[in-house]
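Keep the sequence and the 3D view at hand as you read.

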Number of protein chains: 2
Amino acid sequence: MITFVTTNPGKFREVSAKLAPLGIRLARRDRAYPELQADRLEDVVRFAAGLVAKEVRGEFLIDDSGLFVEALGGFPGVYSSYVYRTLGPAGLVRLLQGRRERAARFETVFLLGNRGRPPRVFRGECEGTIARIPRGHGGFGFDPIFVPTGARRTFGEMSLREKNAISHRARAAEALAHHLRRRRG
Amino acid sequence: MITFVTTNPGKFREVSAKLAPLGIRLARRDRAYPELQADRLEDVVRFAAGLVAKEVRGEFLIDDSGLFVEALGGFPGVYSSYVYRTLGPAGLVRLLQGRRERAARFETVFLLGNRGRPPRVFRGECEGTIARIPRGHGGFGFDPIFVPTGARRTFGEMSLREKNAISHRARAAEALAHHLRRRRG
C-alpha cells in the first residue's frame, strides 16, 4: 500500500489504473503540501518530500508537472498552474506570436518516499510544439496548445486514452511501475 | 541588533540606511531560504519565517517583492524574479500589447521574526502603469517598464534617490522603522 498525496482525483484514478495490474494498491490522501519556488520540478518534489514524510506513515507518492517552452527560457515550467490561472493558453500563444521556434516539452516527476530512506524520483517527458491557437476541449491546463511530436492534433483534441498512450504523466507512471515491478522481483 | 537574511547587498544597504538614524543596526546573513509557491507575498515570507527561525538566533528580517499587473490577474506577482529571468520586461509588454488597461502595483513585504514569538509583517505598495516600451537603465528587474502614478518617467529613468522617495520597498521599510521607533518608546 502506497499513499498518493494529491488533491486531484483524476490524477489519482489515472495512476491507480497503471499500478493495479501489478497488484499495487494506492490510498489517496487529499491534502496540499508546500511547493517550493525552483527551476526544476525535481527540486519542488524533493523539498515537499521532507515535509510530507513527517506526516505520512510508510511509503508515499507525490508528483509535479509543468510545460517548458524553449524559446521562453523554460517558462512557465514549475509555475505552469499559476500561469494557466493568470495568463491562460492565450497568453502563452501571445508570447510566441510571430516566432518560428515553438519547441516545448511537458514533464512529470513522481517521487516515491518513505521517512528515513532516500527518495526515488521518476521522470516522464513528452516533446512537442506550441500551436498557433488553442484547439480542443479535452485534457486540462495547456493541453489545447500542445501538439506532441509526431501528431497533428493537440492534447486537447485527443481522447483521454490517446493522450495517456504518450503523455509525460503516463511515461513517468510507467517508470514508477517498472521500478515497483522489479522491486517485487 | 537585527539579522537581515538576504543575498542582495544593495537591498541590505538600502534598509540599513533607513534604520541607522534610529540607532538600529542590521547584521547581514547572506543566505537563501526556501520560497513557497503562493499567491501572496505574505504567504511566502510567513512560510520562510518558520524555517529561518530555526537557524537564526534572535530577531531577524526577511522580505519579498513583486509586480502585480491587474489585467493579467496579478501576474507575475510572487514569481516576478523568475518571470524577469525568463520573459523579461519585453515579454510583459508583449502580454499587454494593444490593451488600454495597464494598471499595476509593486509590492514589498517585510517580516520581522523571532523564534517563539508571532511575526510582524509590514507592507509597502507603489501604484502605477506598465509603459509601452522599456525606458531607462536604472534600478533593476521590471523598473524600466513601471511608471509610478503621478510620474512620467519609469523607475528605470529615475535616480536611486528619486526612486527611494516613493518606492514600495522604501514604504515598507518606513512602516518597519515606524514600528521599531514606537517599540523603543
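Predicted model: local features only at pLDDT ≥ 70, side-chain atom pairs only at ≥ 80, totals over all residues.

Every value below was computed from its atoms.

## Two helices that cross in chain A

Start with helix H1 (residues 9-19) and helix H6 (residues 168-184) of chain A. Their axes are 10 Å apart, and the helices pack at an angle of about 40°. Because of that angle, H1(A) is oblique to H6(A). An angle under 35 degrees would have counted as roughly parallel. The crossing in which H1(A) passes H6(A) is right-handed.

Which residues make the contact between H1(A) and H6(A)? From H1(A) come Glu14(A), Val15(A), Lys18(A) and Leu19(A), while H6(A) brings Arg169(A), Ala173(A), Ala177(A) and Leu180(A). Sorted by class, the contact of H1(A) with H6(A) has five nonpolar and three charged residues, and no polar ones.

## The helix pair in chain B

Now find helix H1 (residues 9-19) and helix H6 (residues 168-184) of chain B. These helices pack at an angle of about 40°, and 10 Å separates their axes. This angle makes H1(B) oblique to H6(B). H1(B) passes H6(B) in a right-handed crossing.

On the H1(B) side, the contact is made by Glu14(B), Val15(B), Lys18(B) and Leu19(B). On the H6(B) side, look for Arg169(B), Ala173(B), Ala177(B) and Leu180(B). The contact of H1(B) with H6(B) holds three charged, five nonpolar and no polar residues.

## Where the chains meet

How many residues of chain A are in contact with chain B? There are 17 of them, and they are in contact with 17 residues of chain B. On the side of chain A that touches chain B, helix H3 (80-86) and helix H4 (88-95) of chain A are the elements that give two or more residues. The residues on this side of chain A divide into nine nonpolar, five polar and three charged.

## Two cis peptide bonds

Most peptide bonds are trans. In chain A, however, Phe75(A) and Pro76(A) are joined by a cis peptide bond, with omega about 0°. Pro76(A) belongs to strand S4 (residues 76-77) of chain A.

Chain B has a cis peptide bond between Phe75(B) and Pro76(B), where omega is about -5°. You will find Pro76(B) in strand S4 (residues 76-77) of chain B.

## Two exposed residues in chain B

Thr7(B) sits in the loop between strand S1 (2-5) and H1 of chain B. Is Thr7(B) buried or exposed? Thr7(B) has 12 other C-beta atoms within 10 Å, so it is exposed. Leaving aside neighbours within four places in sequence, Thr7(B) is in contact with Asp30(B) and Ala32(B). Thr7(B) and Ala32(B) are 25 residues apart along the chain, and their C-alpha atoms are separated by 6.2 Å.

Ala165(B) has its place in helix H5 (residues 160-166) of chain B. Ala165(B) is exposed because 11 other C-beta atoms lie within 10 Å. Between the C-alpha atoms of Ala165(B) and Asp143(B), which are 22 residues apart along the chain, the separation is 15 Å.

Technical notes:
Residues numbered from 1 in each chain as written. Chains lettered and ligands numbered in written order. Axes fitted to C-alpha atoms, helices over the stretch in contact; angles between N-to-C directions. Helix = DSSP H or I, 4+ residues; strand = E, 2+ residues; numbered from the N terminus. Parallel < 35°, antiparallel > 145°, perpendicular 65-115°, else oblique. Left-handed = near helix turned anticlockwise from the far one by under 90°. Contact = placed C-beta atoms within 7 Å. Nonpolar A, V, L, I, M, F, W, Y, C, P; charged D, E, K, R; others polar. Buried ≥ 20, exposed ≤ 12 C-beta atoms within 10 Å, placed from the backbone.
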